[in-house]
Amino acid sequence: NEHLIEIPLELVHVRNVQQRSDLDLNKDFIESIKEHGVITPIIVRKKGDDFELMAGERRLTAAKKHGKKQTIPAHVISDVDEGRFQAIQSMENIQRNDLPLYDQCVLVNRLLEGGFDNVDKKSQLEISTFLSKSKTWVTDRIGVFRAGETVLELTKVLSDMRKIRALGNLLELNPQLGQIYLTQIEQGKEVSRSSIEEELRR
C-alpha cells in the first residue's frame with residue numbers, strides 16, 4: 001500500500017550506512033530543481049513521526065541544498081519489511097548505475113537465490129524486469145558470480161564483462177594459462193579480450 005503526499009524535508013532521513021558522499025548533482029539537474037522543484041516523487045516509509053528514505057537520495061539532497069520549497073513529493077509505502085527495504089534500495093542504485101560492478105554481481109545472485117528476507121527467489125527474466133535491465137546484463141553478472149571469488153574480484157579492476165567471463169572460462173579450462181593472464185592483469189599490464197578469446201578457441 002502506498003499514497004502520495006508532500007513531506008517537510010526536515011522529516012525525511014537517510015540511514016548513515018546508505019548515505020552517499022559522491023552523488024552526481026550535475027549542473028543541469030541542479031538548475032531543474034531550482035526552477036521546477038522535485039517532479040518525480042521520492043519513496044519513503046514511515047519511521048515513528050518521521051520518514052526513512054527508500055529511493056531518491058539524489059532528489060532529496062538536491063531539494064535540501066538547492067530547492068525553493070521546504071517540502072518534497074513522496075510515495076509513502078506502508079508495511080515494508082527490512083528485506084523489501086534493502087531490495088528496493090539496491091534496485092535504485094543499479095538503475096542509476098551507482099553500484100560498483102562487484103556489488104551488482106552479488107546483488108543479482110542474491111535476488112536469484114532469494115537472499116532478501118520476505119522477497120521470493122526470482123528467475124533471470126524476473127530480475128531483468130525488476131531491475132529494468134536486459135537479460136544479457138543479468139546473465140553476465142550471474143556468470144561472473146558463479147565463476148568464483150577469483151573471477152568476481154576482477155570486477156574491481158576490469159569493467160569489460162565479456163573479458164571477465166572469458167578469463168573465467170580460461171581459468172576453468174586451462175588454470176595455468178589463465179593464471180598467467182590473471183597475474184598480468186593484476187600487475188596492471190594490458191591484456192586484450194581478443195587474446196583471451198583466442199586461447200579459448202585453441
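## Exposure of Ser132

A residue counts as exposed when its relative accessible area is over 50%, and as buried when that area is under 20%. In this predicted model, Ser132 has a relative accessible area of 56% and is therefore exposed. Ser132 sits in the loop that links H5 and H6.

The backbone of Ser132 also deserves a note. Most residues other than glycine have a negative phi. Ser132 is not a glycine, yet its phi is positive, near 60 degrees.

## Overall composition

The chain has 202 residues, and 44% of them are buried. Its secondary structure consists of 10 helices and five strands. The accessible surface amounts to about 11,700 Å², with carbon and sulfur atoms contributing 46% of that area.

Among contacts in the chain with a separation of 6 or more, 69% are between residues 24 or more positions apart.

## Strands S3, S4 and S5

Strand S3 (residues 42-47) pairs with two strands described here, S4 and S5. With strand S4 (residues 50-55), S3 pairs in the antiparallel sense over five bridges. S3 and S4 form a hairpin with two residues between them, and Gly48 in this turn has a positive phi of about 65 degrees.

S3 and S5 run parallel and are joined by four bridges. Ile43 has His75 of S5 as its bridge partner, while Arg45 is bridged to Ile77 of S5. Arg45 also stands opposite Glu52 in S4. Strand S5 (residues 71-77) is mostly covered, with five of its seven residues buried.

In soluble globular proteins, nonpolar side chains tend to be buried together. The largest nonpolar core in this model holds 19 residues, and the members that touch the most others are Val144, Leu154, Ile164, Leu167 and Ile196. At least two residues of this core come from each of helix H4 (101-112), helix H7 (149-153), helix H8 (161-173) and helix H9 (175-186). H8 provides the largest share, six residues.

Which residues does Ile164 contact, leaving aside its neighbours within four places in sequence? They are Leu101, Val144, Val151, Leu154, Thr155 and Leu158.

## Helix packing

Two packed helices are described by the angle between their axes and the distance between the axes. Helix H5 (residues 124-131) and helix H6 (residues 135-146) have axes that come within 9 Å and cross at roughly 115 degrees. Their crossing is right-handed. On the H5 side, the contact is made by Gln124, Ile127, Ser128 and Leu131, and on the H6 side by Lys135, Trp137, Val138, Thr139 and Ile142.

H8 also packs against helix H10 (residues 193-201), at an angle of about 35 degrees and with the axes 9 Å apart. The crossing of H8 and H10 is left-handed. H8 contributes Arg162, Lys163, Ala166, Leu167, Asn169, Leu170 and Leu173 to this contact, and H10 contributes Arg193, Ile196, Glu197, Glu199 and Leu200. Leu167 and Ile196, which take part in this contact, are also among the core members that touch the most others.

Leaving aside its neighbours within four places in sequence, Val108 is in contact with Ile127, Leu131, Trp137, Val138, Arg141 and Ile142. Among these, Ile127 and Leu131 also belong to the H5 side of the H5 and H6 contact, and Trp137, Val138 and Ile142 to the H6 side. Between Val108 and Gln124, 16 residues apart in sequence, the C-alpha to C-alpha distance is 8.8 Å.

Thr61 lies in helix H2 (residues 57-66). Its relative accessibility is 18%, so Thr61 counts as buried, given the cut-off of under 20%. Thr61 and Val14 are 47 residues apart along the chain, and their C-alpha atoms are separated by 9.9 Å.

Definitions and conventions
Residues are numbered from 1 along each chain as its sequence is written. This is a predicted model: local features need pLDDT of at least 70, side-chain atom pairs count only at pLDDT 80 or more; totals for chains, interfaces and linings use all residues. Side-chain values use heavy atoms; hydrogens and water are left out. A nonpolar core is a set of buried Ala, Val, Leu, Ile, Met, Phe, Trp, Tyr and Cys residues joined through side-chain atoms within 4.5 Å. Buried means under 20% relative accessible area, exposed over 50%, partly exposed in between (1.4 Å probe, protein chains only). Contact means heavy atoms within 4.5 Å. Accessible areas come from the Shrake-Rupley method with a 1.4 Å probe; for residues, only the protein chains shown count as cover. Two strands pair if DSSP finds at least two bridges between them. Axes are lines fitted to C-alpha atoms, for helices over the stretch in contact, and angles run from 0 to 180 degrees between N-to-C directions. A crossing is left-handed if the near helix is turned anticlockwise from the far one by less than a right angle, and right-handed if clockwise.
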